[in-house]
Amino acid sequence: MAFMRRKNKTQYSDSCNKVFGYWRFRTMYSIMIGYAAFYLVRQNFSIAIPAICSDLQITKSDIGKVIAIAAILYGLGKCFFGMIGDRYSARYVMAIGLLASAFMNICMGFSSLIPMFAIFWSLNYCFQSMGWPACAKMLTHWYSPTEIGTKWALWNTSHQIGSAVIVSTAPFILAHFGWRYVFFIPGILAIFLSGFVFNRLRNTPESLNLPSVEKITGIASVAESEKWKKDDETPLSYKETLKLALGNRLVWFVGLANLFVYICRMTFLNWGPTLLLESKGSSLAGAGFQMVGFDLASMVGGLCAGYVSDKVFKGRRGPVSAMCMIILGILVSILWLIPQDSHITSSICMLCIGFLISGPQILIGVAAADFASKKAAATASGFTGTLGYAGTALAGYGTGYLADNYGWSAVFVMTMISAAAAAVFLSLTWNKRSEVLAKAENKKD
């Protein structure tokens with residue numbers, strides 16, 4: 001791909017800029033469609049559970065064990081496949097992961113015994129963990145540190161898009177075709193979408209003979225960009241990748257913050273309706289309405305947090321994330337202390353909590369990629385995801401235990417403490433940004 005430099009500045013021909021812009025747009029819509037497809041073959045199980053239990057006389061406890069095993073493997077898989085994604089083509093990693101998840105869903109549809117469900121669903125979650133790190137790598141290679149917060153947040157809406165599609169269509173499939181087709185139909189669709197992902201995506205700009213994103217946006221000098229390009233063409237060993245990602249204390253700070261962020265997030269996502277019913281006196285319909293508002297506000301909040309971290313804080317993710325968690329902790333205390341019949345106040349609190357929780361969740365992944373550099377972005381992002389799912393497990397068991405033995409007040413206190421702990425770890429990265437931006441800022445000074 002031909003391009004030219006003018007007057008010793010990092011500028012390129014219009015044709016080069018157009019080609020680069022085309023591939024950025026193509027990458028974004030492809031990873032959004034691809035990651036939404038992962039959710040088609042992940043969220044379908046929850047819709048099929050009642051019918052499976054009734055048809056096969058399987059207990060909820062058995063199903064719960066299947067889900068727990070799968071969640072643990074998913075968390076571990078994020079870090080493992082992060083290393084794979086950093087060393088090999090993220091395009092292949094994402095497409096193969098989606099294809100394998102599709103086949104595991106088809107196997108689920110043919111299963112009738114709990115051991116088979118456990119094996120196939122656990123394998124599905126292993127392959128599911130290939131999606132996030134692959135997307136993290138491609139985002140960091142196609143979007144500069146000055147805009148990646150916004151773009152990452154935009155990509156993150158694929159979570160809600162995929163969930164909304166399967167949650168709205170799976171009940172129809174279940175009613176007309178039976179629970180097995182809740183796995184068959186999304187699985188077959190995901191097979192075709194894996195081919196779409198493989199066809200549409202390319203690993204990096206350099207793989208298309210385009211300049212690096214730092215070079216084309218003018219963040220780095222030509223000499224620096226050529227050095228990075230040469231470095232990128234020589235993959236690190238697994239040991240070097242781990243050292244770059246896990247040997248960085250800033251990655252550990254945001255990873256530990258993610259553990260506490262996920263305790264807050266999953267407490268409301270998994271237990272929100274029950275919490276509202278039992279502690280706030282909401283009706284089932286009212287609780288459902290509040291959770292819909294929670295999800296919608298989460299989408300908007302993530303986009304706003306990404307934009308503010310890019311444009312207002314110039315690539316610093318810590319201030320936005322820390323402030324979100326501080327305000328979230330205050331809102332949780334208000335929700336805890338308001339009277340049971342304060343339904344309007346309760347709804348406003350849930351709306352605001354949803355708005356605030358998504359930003360830190362998204363920006364922690366961005367920050368991990370920033371701190372570890374493009375060479376280990378997938379590993380670092382996967383590692384924070386692993387700790388996030390440790391938080392999910394703690395929220396799942398801890399919330400149930402505290403509610404049963406100490407009441408919902410203990411759950412509110414746990415959530416407030418978790419929000420405060422997340423804010424502390426995030427504040428330790430307050431003035432930190434990617435090395436590329438830090439160097440560019442120093443040159444200006």
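Visitor: How many helices and strands are there in the protein chain?
Guide: This is a predicted model, in which local features need pLDDT of at least 70, side-chain atom pairs count only at pLDDT 80 or more, and totals for chains, interfaces and linings use all residues. Residues are numbered from 1 along each chain as its sequence is written, and side-chain values use heavy atoms, with hydrogens and water left out. Helices (H or I, at least four residues) and strands (E, at least two) are DSSP runs numbered from the N terminus. The protein chain has 18 helices and zero strands.

Visitor: What share of the residues of the protein chain counts as buried?
Guide: Buried means under 20% relative accessible area, exposed over 50%, and partly exposed in between, with a 1.4 Å probe and protein chains only. Of the 445 residues of the protein chain, the buried share is 56%.

Visitor: Is Cys53 buried or exposed?
Guide: The relative accessibility of Cys53 is 11%. Buried means under 20%, so Cys53 counts as buried.

Visitor: How many disulfides does a search of the whole structure find?
Guide: A disulfide is a covalent bond between the sulfur atoms of two cysteines. The criterion here is a pair of cysteine sulfur atoms within 2.5 Å. The search of the whole structure gives a count of zero.

Visitor: Which class, stacked, edge-to-face or tilted, describes the pair of Phe117 and Trp179?
Guide: Rings of Phe, Tyr and Trp (its six-membered ring) pair if their centres lie within 6.5 Å; planes under 30 degrees apart count as stacked, over 60 as edge-to-face and the rest as tilted. By this rule there are 28 aromatic pairs. For Phe117 and Trp179, the centres are 6.0 Å apart and the planes stand at 55°, so the pair is tilted.

Visitor: Where in the chain does Trp179 lie?
Guide: The pair links distant parts of the chain, 62 residues apart. Phe117 belongs to helix α5 (residues 114-128), whereas Trp179 lies in the loop between α7 (148-177) and α8 (180-200).

Visitor: Which residue forms an edge-to-face aromatic pair with Trp179?
Guide: Trp179 is buried, at a relative accessible area of 6%. In its edge-to-face pair the distance is 6.2 Å centre to centre, with 85° between the planes. The partner is Phe183.

Visitor: Over the face of which ring does Arg42 lie at 4.3 Å from the ring centre?
Guide: A charge sits over a ring if NZ of Lys or CZ of Arg is within 6 Å of the ring centre and within 35 degrees of the ring normal. Arg42 lies over the face of Tyr125 at 6.0 Å from the ring centre. At 4.3 Å, the ring is that of Tyr39.
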